[in-house]
Amino acid sequence: MRGTRRTRLCLAGVMAASALVTAPAVRAAERADGRLTDLVNPFIGTQNEGNTFPGAAVPFGMVQFSPDTGHSTGYDYTQNRVRGFSLVHLSGVGCRIGGDLPVLPTTGDVTQTDYAQYAAAFSHDDEEASPGYYRVGLASGIRAELTATTRTGVQRYTFPATDKANVLLNAAQSLHKGVSSTVEILDDRTVRTEITGHGFCRDTGPYTVYTITRFSRPFTAHGTWDGRTVSPGSRSGPGGAYVRFDTTRDRTVEATTALSYVDARGAAANLRAEGGRSFDAVRGRAREEWERRLAGVRVRGGTPTLRRTFYSSLYRSYLAPNVGDDADGRYFGWDRRVHRAKGFTYYQNWSLWDTYRTQVQLLTLLAPREARDMARSVVAVDEDGGWLPKWGYGPVETNIMSGDPVTPFLTTAYQAGLLKGFEERAYRALRKNADGVPPAEYPGIGREANAEYIADGFAPYVKGRPYAKMGDSDYHHGGSVTLEYALADAMLVQMARGLGHHEDAARYAARSRNYRNVFDPATGFFRARDASGAFTGPADPARGTGFHEGTPWQYQWLVPQDVPGMVRLIGGERAAEDRLDSFFAYDRLLADPERTAREAWVHGDPYAYYNAATYNPMNEPDLIAPYTYLSLGRPWKTTDVVHAALSLFTDGPTGMTGNDDLGTMSAWNVLSSIGLFPVQPGYGTWGLTTPVFDRVELTLDRRYWPGGRLTVTAPGTSAADRYVQAVRTDGRPHGRTYLTTGALRSLRSLAFTVGPRPSEWGTSPEAAPPVLR
């Protein structure tokens, strides 16, 4: 998902900055102490609109305690003033959101109430980040340290010797648009806030977060503010509060802040459940959690830079979705009521248009227990609020992006066996979503253009149509929406058939071929149609009219359910291969892969979605495109393109390709590096291509993956020896360019033999990924 911010950066300047900047986390990673967490650099993606954050979190935690420097999503490496350390951030989103309750240590009298005015300068030379920990030295002489549990953020401040050491809690300011806030000083150690806001690209319905902060020792003074008016001694107000300590002898102050989306009682219960430990104890436990999580994948071979990039991507893949329930299981539902999760953890924050393509598949493989609860949570959204989500933030729908991403998200879980016990409940929700449109009083738009899609076989592009609700409109992106709906229908076919709903399956199978209805024979590309059925907008396929964040060039490959059918529309395999070669600038790529990736594919602007006839590795619509070569019997070309795209991931602040989008791009990097990629998102088909490591050992949960361990080997793999010569599965020859989830479930070894030139492996027609009918 992307926002509307446009930051055009000179590529040469970005590359130079990346070369000059070495974050402390990278330097720490050079220490050979054997800890995988030392290979993670949380600063990757904090420059050039990757929109990641460097602060402290635990896997899938409700809290992401991180500095805000003034950037719309929190932290920008090019800035050097911290406005505050706030509790909530989403990794890689493109629009303003989160940043609730920025806190900042200061000294002296409190005279400013705007965090842009009292922001503290800092230098990257005195800044450090690692999984579960962040530290920075402020120009004021204060050292700030952050760590986290699932539902709390823990802070430690080391002040100069002074009797006016302050901590400012700014309830009224955040990254999103505030609606209201209150702050209460309960006693000489405790501050409580209630913050209501809305936002995210376009205004959403309001949501409220409740916090309670407990300090390690009593404060000596306090006050609150309302607007610019500071009231010393006041215990409540709508703006913010300060608390003061005497640090002439004891210079350290610690505090724990608990968060709840339910109520103040929930925040207090979360503090009791997860608070009470020292900063160092919490930091140590957070590091242990990350070490265990990262140890699920062990790689051998590759350069130190490649390993750092890989483990940093794996780390970011585990940052979301986020726990949404309190320690007692209560959560705030989309129906504005309180519910209790029974037998599962409730999760929230659903960037589904992005994550259905890569991240959900990675989690089904490496974190199936959590992935099962995530799928259960999405079904709960329907059961509590009446409809499945499109892009959910906390307990509200944002309607950001288009199409029907929730269907392949849930069918992925079904194919992985994660819906057992509630398959029919999930299917009922999916069928309602696929066959209808939410009512006017419901905040979500669902498949907004579904009536026309079902009746006419395509979603129309209606230029200038007023937004029916907040967020995006499917009518503004009829061309790409038709492709997205058809993909979702194709995936729902497989679930319907598996559950015995054969009439439904036949109906969805017919609809899965609706992609053909937006193919324009005159241009040879997909093209939007207006409400009358006429093709509309520029005939030039490098223009994006009617396509969401992309062009017909980039969307032409989004037919994973029927690549042969799409190829026939183009004019056959030779025509399709020629078009793919043009799309990837393939001849140029062979001569200089990295330069081609940076100059022919990437044009310096992370938001350059339109007016392009080449691959856009910074955006979701064509992430699957390199794997299309597998269906044409040209698997070596998939390897060439994928390995060139992997070179865009580096270990500096500019080392992300576009917004990370809650782990989408990071998961693409992880899966492509391993050599397993979900080529049919929503179905259990994993395309094969050359791994970048000699050996990868995956430790899997036996309850969902009976094999328990999968070892992927590619001895000698390198830029020179990158072509698959043969593949063996558990010692047996494997001639196909894909594996199914069923085959993976009990597989123990996947062995690639590589060489310097393309081979005959994977070139026969039967080697290609299947057509889903």
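Trainee: What covers the buried residues of α10?
Mentor: This is a predicted model, in which local features need pLDDT of at least 70 and side-chain atom pairs count only at pLDDT 80 or more, while totals for chains, interfaces and linings use all residues. Residues are numbered from 1 along each chain as its sequence is written, and side-chain values use heavy atoms, with hydrogens and water left out. Helices (H or I, at least four residues) and strands (E, at least two) are DSSP runs numbered from the N terminus, and contact means heavy atoms within 4.5 Å. The cover of the buried residues of α10 includes β23, α7 (352–355), α8 (359–366), α9 (368–385), α11 (423–435) and α13 (478–498).

Trainee: How many residues of α10 are buried?
Mentor: Buried means under 20% relative accessible area, exposed over 50%, and partly exposed in between, with a 1.4 Å probe and protein chains only. Among the buried residues are Val406, Phe409, Leu410 and Tyr414. Helix α10 spans residues 406–415 and is largely enclosed by the rest of the structure, because the buried share of its 10 residues is nine.

Trainee: Which residue with a positive phi follows α10?
Mentor: The phi in question is near 80°. The residue is Gly417.

Trainee: Which residue of β25 stands opposite Tyr393?
Mentor: Strand β24 (residues 391–393) and β25 are joined by two bridges in the antiparallel sense. Opposite Tyr393 stands Val396.

Trainee: Which residue in the hairpin of β5 and β6 takes a positive phi?
Mentor: β5 and strand β6 (residues 133–138) pair in the antiparallel sense over five bridges, with Ser130 partnered by Tyr133. The hairpin has two residues between its strands, and the positive phi, near 85°, belongs to Gly132.

Trainee: What is the bridge partner of Arg81 in β5?
Mentor: Strand β2 (residues 81–82) pairs with strand β5 (residues 120–130) over two bridges, in the antiparallel sense. For Arg81 the partner in β5 is Ala121.

Trainee: Is Thr46 buried or exposed?
Mentor: Thr46 is in the loop between α2 (24–29) and β1 (66–68). Beyond four places in sequence, its contacts include Phe53, Tyr75, Tyr77 and Pro653. A polar atom of its side chain lies 2.7 Å from the backbone oxygen of Phe43. Because its relative accessible area is 3%, Thr46 is buried.

Trainee: What is the relative accessibility of Thr37?
Mentor: Thr37 is also found in the loop between α2 and β1. Leaving out residues up to four places away, Thr37 touches Pro131, Arg287, Trp290, Glu291 and Leu294. Thr37 counts as buried, with a relative accessibility of 1%.

Trainee: How much space lies in the largest cavity?
Mentor: A cavity is a set of points, on a 1 Å grid over the protein atoms alone, where a 1.4 Å probe fits but cannot get out; lining residues have an atom within 4 Å of a point. Points are joined across faces, edges and corners, and a volume is the space filled by probe spheres set on them. Trp557, Ile624, Tyr627 and Gln680 are among the residues lining the largest cavity. Its space is about 110 Å³.

Technical notes
Polar contact = N/O pair within 3.5 Å; in protein donor to acceptor, adjacent residues only side chain to side chain. Pairing = 2+ DSSP bridges. 1 Å grid on protein atoms, 1.4 Å probe; cavity = no way out; pocket = protein on both sides within 12 Å on 5 of 7 lines; lining within 4 Å.
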